[in-house]
Amino acid sequence: MKDDYGQVLAGKVALVIGGGGDGIGRAITRALAAVGASVAVADHDPSRAEEAAAEIATSGARACALTGDVRSAEAVNDFVKRTAGTFGALDVLVTVVGGQVAFVPAVRVQYMSDDDWDLAFDLNLRYVMRAVRAAVAVFQDQGRGGVIVSVGSVTGSMGAPMQGAYGAAKAGLASLARTIGAEYSRDGIRMNVIGCGAIATPVAGGAQPPDEASEVPMGRYGQPDEVADAAVFLASSLSSYMTGQCLVLDGGLSARGPFR
């Protein structure tokens, strides 16, 4: 994470849902803390959430660990409530949890079951809507606005062979950001999405074909720290005139074609 802009989130409180383990979420929690934010780390695995929070605290920033299943509306609402209660405020919400191949089979649409479709939507869109709804209420009560950043995918803006539910959910995520931008900008509330391409994470890396990086114009996977840099930009005043947008971070993948 670059430190060119110093403490751009000094005094702010951020909730990262899905920031306990390795990969994108962990990189984002580190990056937000490095630029001054107090960070609540929410993860389904208590040990991962606590480890991430302890790492942040060791760096000198304030942190707390939260545990729950994003498929539960009660758990998601509790993440927001407890963050605001612990730190006395909430300024930034970052949603990271998502994916398909780690959770449901990669199949053509005709072979996808209703249960798998619903699970993909639960983990990529439905919990985000619930978190956004809860965060917006807190932002309005505080009267000083707030920022929402969601980790999305370029898959949401193109066809998604073998990942139909994932692509549809990520398209919905981008649409949700546009709606929040249209509905809540006058309240000082912004929402943007990071449209990720192939990112080198333990889960995604294991699911990608070995030669997929050759399809990327830059010739490599993106790194979690690069996603974290984008998250800091979108979470801070550096992007103060930006809302309802998808910031594409894919090494040029969506700029070229045709794909194999």
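The structure is a predicted model, in which local features need pLDDT of at least 70 and side-chain atom pairs count only at pLDDT 80 or more, while totals for chains, interfaces and linings use all residues. Residues are numbered from 1 along each chain as its sequence is written, and side-chain values use heavy atoms, with hydrogens and water left out.

The protein contains seven helices and seven strands. Helices (H or I, at least four residues) and strands (E, at least two) are DSSP runs, numbered from the N terminus. Read from the N terminus on, the order of these elements is β-α-β-α-β-α-β-α-β-α-β-α-α-β. The C-alpha trace spans about 50 × 40 × 40 Å along its principal axes. For 260 residues, a compact globule would have a radius of gyration near 18 Å, and the 17 Å of the protein agrees with this. The radius of gyration is taken over C-alpha atoms, and the globule rule is 2.2 Å times the number of residues to the power 0.38.

How much of the protein is buried? Of its 260 residues, 49% count as buried. Buried means under 20% relative accessible area, exposed means over 50%, and partly exposed lies in between (1.4 Å probe, protein chains only). Contacts, defined as heavy atoms within 4.5 Å, show how the chain is joined across its sequence. Among contacts between residues at least 6 apart in sequence, 73% join residues at least 24 apart.

The buried residues are I24, G25, R26, A27, I28, T29, A31, L32 and A33. Their cover includes the strands β1 (13-17), β2 (38-43), β4 (92-95) and β5, together with the helices α2 and α7. After α1 comes G36, whose phi is positive, near 105 degrees.

Side chains of opposite charge can pair when their charged atoms come close. A salt bridge is counted when a side-chain nitrogen of Lys or Arg lies within 4 Å of a carboxyl oxygen of Asp or Glu. A search of the whole structure finds nine salt bridges. In one of them, E51 pairs with R26, and the closest N and O atoms are 3.4 Å apart. E51 is partly exposed at 49% relative accessibility, whereas R26 is buried at 5%.

Another salt bridge joins D43 and R48, with the closest N and O atoms 3.2 Å apart. Here D43 is buried, with a relative accessible area of 5%, and R48 is partly exposed, with 32%. The side chains of D78 and R82 also meet in a salt bridge, at 3.7 Å from N to O. Both residues lie in helix α3 (residues 73-87), four residues apart, which is about one turn of the helix. Elsewhere, salt bridges that share partners join R26, R30, E51 and E55 into one network.

Helix α3 also packs against another helix. Two packed helices are described by the angle between their axes and the distance between the axes. The axes of α3 and helix α4 (residues 114-142) come within 9 Å and cross at roughly 35 degrees. These axes are lines fitted to C-alpha atoms, for helices over the stretch in contact, and angles run from 0 to 180 degrees between N-to-C directions. Which residues of α3 and α4 meet? A73, V76, N77, V80 and A84 in α3 meet Y127, R130, A131, A134, A135 and V138 in α4. By class, this contact has nine nonpolar, one polar and one charged residues. Ala, Val, Leu, Ile, Met, Phe, Trp, Tyr, Cys and Pro count as nonpolar, Asp, Glu, Lys and Arg as charged, and the others, Gly among them, as polar.

Two single residues complete the account. M162 lies in the loop between β5 (146-153) and α5 (164-184), and has a positive phi of about 70 degrees although it is not a glycine. F233 belongs to helix α7 (residues 224-235) and is partly exposed, with a relative accessible area of 28%. Leaving aside neighbours within four places in sequence, F233 is in contact with L238, S239, M242 and L247.
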